[in-house]
Amino acid sequence: SNIIVFYNIYKLFVSFRQNREEKKMVCKKCLEELTADNVYPSDHRYCITCGTEHTAYLSERRHTLASLREMTLESKIIQTKYLIRCAVMEFGLDKVYISYSGGKDSTVLSHIAKNMYPDILHLFANTTNEYPETIEHIRWEREENKTNIVTVIPRDAHDEVWTFKKVVETYGYPMFSKRVSNAIRTYQHSLTARTKSNAQGYIDRNFKKYEKYKELPISDKCCDKLKKEPLRRKAKELGLECAILGILASESYQREKDWLEYGCNVFHERKDNQSRPLSFWTDEYILEYIEKYDVKIPKLYEMGYTRNGCMYCGFGVHLEPEGCNRYQRLKETHPIQYNYFIKNFGDLMIEFEINIT
């Protein structure tokens with residue numbers, strides 16, 4: 001029976017290779033060739049049959065996520081501990097790590113995980129674009145709270161430090177959202193007329209109001225270069241096999257979509273193994289946990305900030321209230337960093353039509 005299973009998998013693989021070489025579009029699930037007659041209208045990755053089944057599956061998953069979000073705080077903690085324990089049991093305590101940003105979400109995750117495994121490793125990516133309060137909190141965690149933290153500095157192929165400015169000059173500025181920035185970068189760096197036309201069509205269908213920015217230096221590569229790739233390299237160097245992340249599905253459309261597809265623990269399905277045991281939490285429960293268990297978080301949150309991400313990141317800034325967006329707040333709370341921002345990126349903000357004064 002195992003031989004039959006492997007043979008069927010092999011046939012699917014061969015079929016996929018052949019179709020790709022012939023530039024045919026095939027259904028993501030059954031690999032049937034997609035045509036104008038059988039493609040699923042709302043998701044062109046699937047044929048009608050598979051697309052219908054996938055849509056029903058996602059609907060069920062949305063109900064599941066809604067139920068998980070309605071659980072009490074204590075029930076959430078129990079479920080989160082179970083998910084962390086699953087990761088440790090699957091890979092071993094010496095093969096997992098907390099991907100730690102120093103923000104309130106990852107600090108809650110750290111607090112829960114350390115109650116189970118006091119010496120669990122944390123990796124912190126210093127993106128060179130961190131708020132001073134974040135750096136101070138990392139110092140406190142390491143030196144006073146005795147958290148096992150290794151700081152990772154982003155470096156390029158020549159072992160030179162990547163900085164936010166260098167990434168922007170090389171690839172473009174992270175602006176509006178990751179999906180918008182990715183669409184614009186894809187359009188700008190298309191190698192063929194067909195790819196460029198497809199990229200233009202994607203922008204027209206999904207991001208029409210951002211079409212006017214498509215020739216500006218915008219890119220989604222910043223997070224890859226300053227955080228994801230350095231953490232991936234350090235994890236490989238240390239022989240680590242699974243990252244435990246404090247991300248919430250409610251944070252973005254993309255994260256919720258990813259949870260609907262894969263859930264909290266994603267093992268042996270993609271390139272990187274991940275445990276995301278806070279995915280079904282919401283910001284209200286994060287704050288409730290912090291208050292109930294007296295968890296220390298960066299002072300940045302006392303200064304009116306709701307996030308501790310990279311200081312100059314532009315994702316979502318256009319949706320913030322006029323007069324008090326993150327850059328305008330930076331002017332009041334961190335004048336030195338604000339002046340650096342104006343000097344290096346002020347002209348870009350004018351082109352992006354972002355008010356920074």
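**Entry 1: Leu-93**

I began with Leu-93, which is partly exposed, with a relative accessible area of 38%. That value falls between the cut-offs of 20% for buried and 50% for exposed. I noted that I am working on a predicted model. Next I looked up where Leu-93 sits. It lies in the loop between α3 and β1, and β1 covers 96-99.

Which residues does Leu-93 touch, leaving out those up to four places away in sequence? I found Val-88, Tyr-117 and Ile-120. I then checked Ile-120 on its own. Leu-93 and Ile-120 are 27 residues apart in sequence, yet their C-alpha atoms are 7.1 Å apart in space.

**Entry 2: α3 and α11**

I moved to helix α3, residues 73-91, and looked at how it packs with helix α11, residues 283-292. The angle is about 95°, and the axes are 11 Å apart. Because of that angle, α3 counts as roughly perpendicular to α11. The range for that label is 65 to 115 degrees.

I listed the residues that make the contact. From α3 they are Leu-73, Glu-74, Lys-76 and Ile-77. From α11 they are Tyr-285, Glu-288, Tyr-289 and Lys-292. I sorted this contact of α3 with α11 by class: 4 nonpolar residues, 4 charged and no polar ones.

**Entry 3: Thr-282**

I stepped back to the loop between β7 and α11, where Thr-282 lies. Is Thr-282 buried or exposed? Its relative accessible area is 15%, so Thr-282 is buried. The cut-off for buried is under 20%. Beyond residues up to four places away in sequence, Thr-282 touches Arg-69, Leu-248 and Ser-250.

**Entry 4: α2 and α10**

Arg-69 came up again here, as part of the contact between α2 and α10. Helix α2 runs over residues 48-69 and helix α10 over residues 253-262. Their axes come within 9 Å and cross at roughly 110°.

I wrote down both sides of the contact. α2 gives His-54, Tyr-57, Leu-58, Arg-61, Arg-62, Thr-64, Leu-65, Leu-68 and Arg-69. α10 gives Glu-256, Trp-259, Leu-260, Glu-261 and Tyr-262. By class, the contact of α2 with α10 has 7 nonpolar, 5 charged and 2 polar residues.

**Entry 5: α4**

I picked helix α4, residues 104-116, and checked its length. It has 13 residues and reaches 19 Å from its first C-alpha to its last. That is close to the 18 Å expected at 1.5 Å a residue.

How many residues of α4 are buried? I found 11 of 13, and α4 is mostly covered. The buried residues include Lys-104, Asp-105, Val-108, Leu-109 and Met-116. I then asked what covers the buried residues of α4. The cover includes the helices α3, α5 (132-143) and α11. It also includes the strands β1, β2 (122-125) and β5 (242-245).

**Entry 6: the sheet**

I traced the sheet next. It is open, with 6 strands in the order β3-β2-β1-β5-β7-β6 and mixed pairing. Strands of a sheet pair through backbone hydrogen bonds, either parallel or antiparallel. Which strands are at the edges? They are β3 (149-152) and β6 (265-266), and each pairs on one side only.

β1 and β5 run parallel and are joined by 4 bridges. There, Ser-99 has Leu-245 of β5 as its bridge partner. β5 and β7 also pair in the parallel sense, over 3 bridges. Here Ala-243 stands opposite Gln-274 in β7. β6 and β7 (residues 273-275) run antiparallel, with 2 bridges between them. Val-266 also stands opposite Gln-274.

I checked the side directions in β5. Cys-242 and Ile-244 point one way, Ala-243 and Leu-245 the other, and all are buried. Last, I noted that α5 lies across β2 and β3, running at about 145° to β3.

**Entry 7: Lys-178**

I ended with Lys-178, placed in helix α7, residues 178-188. Lys-178 is partly exposed, with a relative accessible area of 36%. It touches Asp-220, Cys-223, Lys-228 and Phe-315, not counting residues up to four places away in sequence. I also looked up Glu-215. Lys-178 and Glu-215 are 37 residues apart in sequence and 16 Å apart in space, C-alpha to C-alpha.

How values were computed:
Residues numbered from 1 in each chain as written. Predicted model: local features only at pLDDT ≥ 70, side-chain atom pairs only at ≥ 80, totals over all residues. Heavy atoms only, no water. Axes fitted to C-alpha atoms, helices over the stretch in contact; angles between N-to-C directions. Parallel < 35°, antiparallel > 145°, perpendicular 65-115°, else oblique. Contact = heavy atoms within 4.5 Å. Nonpolar A, V, L, I, M, F, W, Y, C, P; charged D, E, K, R; others polar. Buried < 20%, exposed > 50% of the residue type's maximum accessible area, 1.4 Å probe, protein only. Expected span 1.5 Å × (residues − 1). Pairing = 2+ DSSP bridges.
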